[in-house]
Amino acid sequence: MKQGLHPVVMVLLVAAATLFGRVLPTWTLSLATVAASNALIALGIVVLARTGNVSFGQGLFYAAGGYGVALIANAWGITDAVAQMLIGAVCGGLLGLVIGPLIARYSGIFFGMLTLALSMVLYGALVKSSALGGSDGFNVGRPSLFGMVFTDPREADFMLYAVSVVTTGLAGIAATLLFRSELGLVSLAVRENNLRIEYLGISANRIVTINFVVAAVFAGASGAFALMAQRHIDPQFAYWTTSGEFVFVAVLAGYQSVAAVFVSSLALELVRSFSNLYLPNTWQLVLGVFLLGVILFLPRGIGSLWIRGRRARIGPVAATPVAAEEEAAL
Amino acid sequence: MNPVLSVRGLDKRFGAVVAADALSIDIAPGQKVSLIGANGAGKTTFVNMVTGYLKPDSGSIVLDGMDIGGQSPRNVARLGISRSFQIPQLFIELTAAENLAVALSGMRAHALSFHAPAEAQGRHDKAIELLERFGLAAHADRPISELAGGVRKLVDIAMALVRRPKLLLLDEPTSGVSAEEKFATMDRVIHAVAPDAATIVFVEHDMEIVSRYADRVLAFYQGRILADGNPDIVLKDPEVRRYVTGSAR
């Protein structure tokens, strides 16, 4: 049987990562906040990818979360970071519940292109909507936490870092439990052979829809964090290049490990920051080479570095297929 | 005794090709029925219609008194018909035990757990027990991608058996298995299926297997039943020898 970290150990790791923010240099706090936020939405893509479907349009739910929070915050004066995160998750999830059952009938490239098309429809609508600021978007106020307002920039950055790391960490624990669960196992089976799944009496569409909604919830919460970090929202949230960045993180991570998503997101932000600093005109080239390197040497993503090792520990395998059959015949 | 499966006037055409021509068949509980026929005779079309993969142009399919015509493969499986495939349809990156665990999840597909571990002890034990019945317990923790064709075939059949179906359809259970192994494989299948007392319908090209394991043979030719009865009689039928088994036998 596979072994993994106990949930209590995972909670302790999240707590340690949160407290670690106290000793991080100020400039890394915002970088880590962005990395955690991006990891959250990429985690949703990984959850969905385990059913064999890749969404190229998670910007749809990212924008839904961001705009939903921005509108509600401005209308009702809600500035609490946790409340905003929850509102974003609900907005993303509700949209996912509407779209999921319709899109789950498709698979492969059709699934990917439909998600992309839907996100671009929202982008087009937002650009044309003068009530939502059109292509310029609009601003929101500074977030607070449980009634505390943070005027010191470092404290404000740490608060946002802490909330995003805790949220993403808890989402990661939930995703880990999901991956290990019955639903998680069946999701992997859908990815491999959805015809057989139907012959076993299971609805492959239902499994895809559930994973799709989970991904939408994560994307909505991630959109809320992006809004809190920038205190501004515009249609770029729904643009296809934004969605592409999240797929980039998911591809780097692979679909086998939750921890890999966090490692990939952080690695991507570090590569982006340092290449932007030292190679300001060619940083995209560095990013491209980085991705190519991962695809070439770790085709199953960064997570395969430790998942592969775990498989190998399960036990020796028959040297040849014939040997395996002979063993079976004994 | 009421038949487990009763089909009446089943028709299916693909353009000019007649795959099923007014098929009417009753299968009694506990029978081991072999479907024989040349390629294109309509055996697999019959299996695909009974399991809901293909919709018949006309006719009825009744399982245990319930009309199942037009139902999806998912609903047909839930109602009590399971099948295995000529080319095993497995989840090749998962282990043999995990494949069985997925099949067991199909028993309660409306209430899959979000948090209970997939390897919960009860389900794992049940998966191992099923693998043991087929003599495959040693392969439980090996990914399907590392298993040989004959082993995959047995895992495929074990998965079909999970629901304890009223009717088990096996599509060429010994294809791809070596000549030396084919009887051992079939013995193992019959032995493993016996506790569930399922009615078995198996598509087979090997007449030695048919005569040894079937107690009834349906010979298909151009979408029709050419002969139906005891293997000793059907396999000696001149028309069956001419159109199905060839003159060698």
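Visitor: How do you know that the radius of gyration of chain B agrees with that of a compact globule?

Guide: The radius of gyration is taken over C-alpha atoms, and the globule rule is 2.2 Å times the number of residues to the power 0.38. For 249 residues a compact globule would be near 18 Å, and chain B has 18 Å, so the two agree. The C-alpha trace of chain B spans about 55 × 40 × 35 Å along its principal axes. This is a predicted model, in which local features need pLDDT of at least 70 and side-chain atom pairs count only at pLDDT 80 or more, while totals for chains, interfaces and linings use all residues. Residues are numbered from 1 along each chain as its sequence is written, and chains are lettered from A and ligands numbered from 1 in the order in which they are written.

Visitor: What makes up the secondary structure of chain A?

Guide: Helices (H or I, at least four residues) and strands (E, at least two) are DSSP runs, numbered from the N terminus. On that basis chain A has 14 helices and two strands. Its radius of gyration is 21 Å, close to the 20 Å of the globule rule for 330 residues, so chain A is as compact as a globular protein of that length. Along the principal axes its C-alpha atoms fill a box of roughly 75 × 45 × 40 Å. Chain B has nine helices and 10 strands.

Visitor: Why is strand β8 of chain B called largely enclosed?

Guide: A residue is buried if 20 or more other C-beta atoms, placed from the backbone, lie within 10 Å of its own, exposed if 12 or fewer, and partly exposed in between. Five of the five residues of β8(B), 199-203, are buried, so the strand is largely enclosed by the rest of the structure. Both faces are covered, with Thr199(B), Val201(B) and Val203(B) buried on one side and Ile200(B) and Phe202(B) on the other. Over the whole of chain B, 50% of the 249 residues count as buried.

Visitor: Which strands pair with β8(B), and how do you know?

Guide: Two strands pair if DSSP finds at least two bridges between them. Strand β3 (residues 32-36) of chain B is joined to β8(B) by four bridges, in parallel, and Ser34(B) stands opposite Phe202(B). Strand β7 (residues 167-171) of chain B is joined to β8(B) by five bridges, also in parallel; Leu168(B) has Ile200(B) as its bridge partner.

Visitor: Why are β6 and β10 of chain B said to stand at the edges?

Guide: The open sheet of six strands has the order β6-β7-β8-β3-β9-β10 (chain B), with mixed pairing. β6 (81-83) and β10 (224-229) each have a single partner strand, so one side of each is left without a neighbour in the sheet. For β10(B), five bridges to β9 (residues 216-221) of chain B run antiparallel, and Val217(B) stands opposite Gly229(B).

Visitor: What makes the pairing of the four-strand sheet in chain B parallel or antiparallel, and which strands stand at its edges?

Guide: The order of that open sheet is β2-β1-β4-β5 (chain B), and the pairing is antiparallel. β2 (17-27) and β5 (66-67) have a single partner strand each, so they stand at the edges. Strand β1 (residues 5-14) of chain B pairs with β2(B) over seven bridges in the antiparallel sense.

Visitor: How do you know that helices α11 and α12 of chain A meet?

Guide: Two residues are in contact if their C-beta atoms, placed from the backbone, lie within 7 Å. Val271(A), Arg272(A), Ser275(A) and Asn276(A) in α11(A) meet Trp283(A), Val286(A), Leu287(A) and Phe290(A) in α12(A). By class these are five nonpolar, two polar and one charged residues. Nonpolar covers Ala, Val, Leu, Ile, Met, Phe, Trp, Tyr, Cys and Pro, charged covers Asp, Glu, Lys and Arg, and the others, Gly among them, are polar.

Visitor: What is the crossing of α11(A) and α12(A), right-handed or left-handed?

Guide: A crossing is left-handed if the near helix is turned anticlockwise from the far one by less than a right angle, and right-handed if clockwise. The crossing of α11(A) and α12(A) is right-handed. Axes are lines fitted to C-alpha atoms, for helices over the stretch in contact, and angles run from 0 to 180 degrees between N-to-C directions. The axes of α11 (residues 258-278) and α12 (residues 283-297) of chain A come within 8 Å and cross at roughly 145 degrees.
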